[in-house]
Amino acid sequence: MIAVLDYEAGNLASVIRSLIALEAQATVTRNPAGVEQADRVIFPGVGAAGQAMANIRRFGLDQALRHAYETGKPILGICLGAQIILHHSAENDTPCLGLLPGEVRRLIPPALDPMGRRLKIPHMGWNQVRFLRRHPLFVGLPEGAEFYFVHSYYPSPADASQVLGITDYGQEFPSVIGYKNLVATQFHPEKSGRFGLLLLKNFLAWDGRDAE
């Protein structure tokens, strides 16, 4: 059973639809007991870090997530869920979960890319991910695979070895981070077509070990 966390941070329907397409058993929960009973956890989210953390604490999901991480349960963070696993977010000057050391920074690309195209914030649309090392979630994904992004901030782990993939949007930023049984994507795999579905399928088969 997969616990998909609901902390009032965005629409979960596309995540559930993707899991149904993969014939996975999933439940949407904001109950710490639901996290405890699940075999693995998906931690999605969109919106502002400050309100998200307030809701997480209100529902008691902060301690549930820490316990899931400490006990080795496979966890996948998505978008906002890839940011607030770090210690602090520049958005709303927010203390976060601190599962991994690091900061969430505002995306500030130059006005134009090298091709002269205007870059806007938020970064919205399809973009490539360059994988920096092998990982079970990347099996079968081609180098330069494109995924769907919607964000104005990005995760910046203190330990560079925890950056698993990077993306260029006028500047390079970490788009996949992870350590041990935790992997998180700044992009939305549930909105990223066949490559996103493959990444989710790989997560469902992952035993939580850090590398192949």
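A polar contact is taken here as a pair of N or O atoms within 3.5 Å, in which one atom must be able to donate a hydrogen and the other to accept it. In this predicted model, the side chain of Gln186 makes such a contact with the side chain of Gln83, at 3.0 Å. Gln186 belongs to the loop between β14 (182-185) and α6 (193-205). Its relative accessible area is 0%, so Gln186 counts as buried. Beyond residues up to four places away in sequence, Gln186 touches a set of residues that includes Cys79, Ala82, Gln83, Phe149, His151, Tyr154, Phe173 and Ser175.

Two of these neighbours, Tyr154 and Phe173, lead on to the aromatic rings. Eight aromatic pairs are counted in the model. In one of them, the ring centres of Tyr154 and Phe173 are 5.9 Å apart and the planes meet at 45 degrees, so the pair is tilted. This pair joins distant parts of the chain, with Tyr154 in strand β11 (residues 153-157) and Phe173 in strand β13 (residues 172-179), 19 residues apart. Tyr154 and Phe173 are both buried. Together with Phe147, Phe149 and Phe187, they form one aromatic cluster.

Apart from neighbours within four places in sequence, its contacts are Ile2, Leu19, Leu22, Ala24 and Arg40. Arg40 also lies over the face of Phe203, at 5.5 Å from the ring centre.

Terms used:
Residues are numbered from 1 along each chain as its sequence is written. This is a predicted model: local features need pLDDT of at least 70, side-chain atom pairs count only at pLDDT 80 or more; totals for chains, interfaces and linings use all residues. Side-chain values use heavy atoms; hydrogens and water are left out. Helices (H or I, at least four residues) and strands (E, at least two) are DSSP runs, numbered from the N terminus. Buried means under 20% relative accessible area, exposed over 50%, partly exposed in between (1.4 Å probe, protein chains only). Contact means heavy atoms within 4.5 Å. Rings of Phe, Tyr and Trp (its six-membered ring) pair if their centres lie within 6.5 Å; planes under 30 degrees apart count as stacked, over 60 as edge-to-face and the rest as tilted. A charge sits over a ring if NZ of Lys or CZ of Arg is within 6 Å of the ring centre and within 35 degrees of the ring normal.
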